[in-house]
Amino acid sequence: VTGASFVVFNGALKTSSGFLAKSSIVEDGLMVQITRETMEGLRQALRDKKDFRITCGQVDTGDVKEYVDICWVENEEKTNKG
């Protein structure tokens, strides 16, 4: 679990790169590089206010270790007030 002050979603990852998605720490935030198709799915999920999971790692590797989960919450009292 990583806490971040901001998140950047970059939809310029090429499918030929061999990665499903990449995530990296940038200063005190998180940058997630995703394909154009994943970006379209993320945009639709945000419009519909639905949870969305981005799987990070190489396409041909069976053991994926990272996920970026975007989750909508009902109770805002449990979220970060900062």
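A charge sits over a ring if NZ of Lys or CZ of Arg is within 6 Å of the ring centre and within 35 degrees of the ring normal. With that in hand, welcome to a predicted model, in which local features need pLDDT of at least 70, side-chain atom pairs count only at pLDDT 80 or more, and totals for chains, interfaces and linings use all residues. Residues are numbered from 1 along each chain as its sequence is written, and side-chain values use heavy atoms, leaving out hydrogens and water.

**Charges over rings**
- K22 lies over the face of F19, 4.6 Å from the ring centre.

**Overall layout**
- The protein has one helix and five strands, taken as DSSP runs (helices H or I, at least four residues; strands E, at least two) numbered from the N terminus.
- From the N terminus on, the order is β-β-β-α-β-β.
- Of the 82 residues, 18% are buried, meaning under 20% relative accessible area, with exposed over 50% and partly exposed in between (1.4 Å probe, protein chains only).

**Helix α1**
- Which residues of α1 are buried? They are M39, L42 and A45.
- These three sit on the same side of α1 because they cover an arc of only 125° around the axis, the arc being that of the directions from the helix axis to the C-beta atoms.
- R36 and R47, on the other side of α1, are exposed.
- The buried residues of α1 pack against β1 (7–10), β3 (29–34), β4 (52–58) and β5 (66–70), where a contact means heavy atoms within 4.5 Å.
- Just after α1, K49 takes a positive phi of about 55°.
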